[in-house]
Amino acid sequence: MTSIAGRVAVVTGGASGIGRGIAEQLIAEGAQVVIADVQQDALDATAAEIGATGIRVDVTDPASVEALAAEVIERFGSVGIVVNNAGIGALGRLADLSLADWKWMIDVNLWGVIHGVTTFLPLLKANPDGGHIVNTGSMASFSPMAGGGAYAVTKYGVAALTEALAIELEEDGVPVHVTLLAPGTVRTNIKNSTRNRPAELAGGLADVDISEGVAADLRWIDPIEAGRIVTRSIRNDDLYALTHPDWWHIVEGRQTAIRTAFEKYPVEDAAALSAAPSAAPVVAS
């Protein structure tokens, strides 16, 4: 089990939403918390309200993440828990997206996590008592939806990174563990993701309030509830932290389709196709 009390914890995207909920719960369980965020005014206000230390960071910039880690070590001497939570959730159909849309989404949601893992993992591995990394994915890490393709690409990537890292950490035998947080519908301001979008990366992605649309009738939780789920997963060294375990049917549909594809043709058919002659090449006259 990973202890929380007395640890220094860093939460990116900690000024609001799920990040704030995680930070508040970590504080309630005795951690010394640094919240990091790109929005300075919200960062200052939240840090004062919840009793955290606020440090500005742009997770898309590796130098900024490295500076965050250096300041944390300078101030506190160590770090034991890292929550790579900063993210955006603007939506748009794939045919309408520009390369600028893809860059913005991937820079924040996937590179932000990569930068956090690359920077903080050596610090956690250097701790005699180890540590814990939490990467915020989504239910979209398991099942995409129309309009959320770019978002799902990044969240699938976060899931793959987290699962592979868990395997490698176990192989290394170091006392560092990792959790994939896969939240469902949580009351946050992710519907206002474009507020921090760089002007040069404007495109087809747009803010959508799904609480008034396709998700209006779903079960919604508050960020502090997500925070409690995260700290439980840290204490128990769980690989997955799910805010909506009642949503298994969404994931099950995809898993069933994959299993059907594996079972559709017996292995003998695959062997026969492998042995079959290839089509004659087309020769230009």
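Predicted model: local features only at pLDDT ≥ 70, side-chain atom pairs only at ≥ 80, totals over all residues.

Visitor: OK. How many bridges join β2 to β3, and which way do they run?

Guide: Four bridges link the two strands. β2, residues 32–37, and β3 run parallel. Further along, Arg 56 in β3 stands opposite Asp 37.

Visitor: What sits with β2 and β3 in the β-α-β unit, and what's its hand?

Guide: Helix α2, residues 40–50. The unit made by β2, α2 and β3 is right-handed.

Visitor: Which residues of β3 are on the covered face?

Guide: Thr 53 and Ile 55. Gly 54 and Arg 56 are on the uncovered face of β3, which spans residues 53–56.

Visitor: Zoom out. What's the strand order in the sheet?

Guide: β3-β2-β1-β4-β5-β6-β7. That is seven strands in an open sheet, with parallel pairing.

Visitor: And why is one side of β3 and of β7 left without a neighbour?

Guide: Both stand at the edges of the sheet. Each has a single partner strand, so one side of each lacks a neighbour there. β7 covers 240–242.

Visitor: How much twist?

Guide: On average 20° from one strand to the next.

Visitor: Which strands does α1 touch?

Guide: Helix α1, residues 17–28, packs on the sheet and touches β1 (8–12), β2, β4 (81–84) and β6 (176–182). The direction of α1 makes about 170° with that of β1.

Visitor: Switching to helix pairs. What numbers describe two packed helices?

Guide: The angle between their axes and the distance between the axes.

Visitor: So what are they for α3 and α4?

Guide: The axes come within 9 Å and cross at roughly 30°. Angles under 35 degrees count as roughly parallel, so α3 is roughly parallel to α4. The helices span residues 62–76 for α3 and 99–126 for α4.

Visitor: Is the crossing left-handed or right-handed?

Guide: α3 passes α4 in a right-handed crossing.

Visitor: Which residues make the contact?

Guide: From α3: Pro 62, Val 65, Glu 66, Leu 68, Ala 69 and Ile 73. From α4: His 115, Gly 116, Thr 119, Phe 120 and Leu 123.

Visitor: Last one. Where is Arg 7, and is Arg 7 buried or exposed?

Guide: Arg 7 is in the segment before β1. The relative accessible area of Arg 7 is 9%. The cut-off for buried is under 20%, so Arg 7 is buried.

Visitor: What is Arg 7 in contact with, leaving aside neighbours within four places in sequence?

Guide: Contacts of Arg 7 include Thr 2, Gln 32, Ile 81 and Asp 129. Several glycines are on the list too, among them Gly 30, Gly 80 and Gly 130.

Note on methods
Residues numbered from 1 in each chain as written. Heavy atoms only, no water. Buried < 20%, exposed > 50% of the residue type's maximum accessible area, 1.4 Å probe, protein only. Pairing = 2+ DSSP bridges. Right-handed = clockwise from strand over helix to strand, strands pointing away. Axes fitted to C-alpha atoms, helices over the stretch in contact; angles between N-to-C directions. Contact = heavy atoms within 4.5 Å. Parallel < 35°, antiparallel > 145°, perpendicular 65-115°, else oblique. Left-handed = near helix turned anticlockwise from the far one by under 90°.
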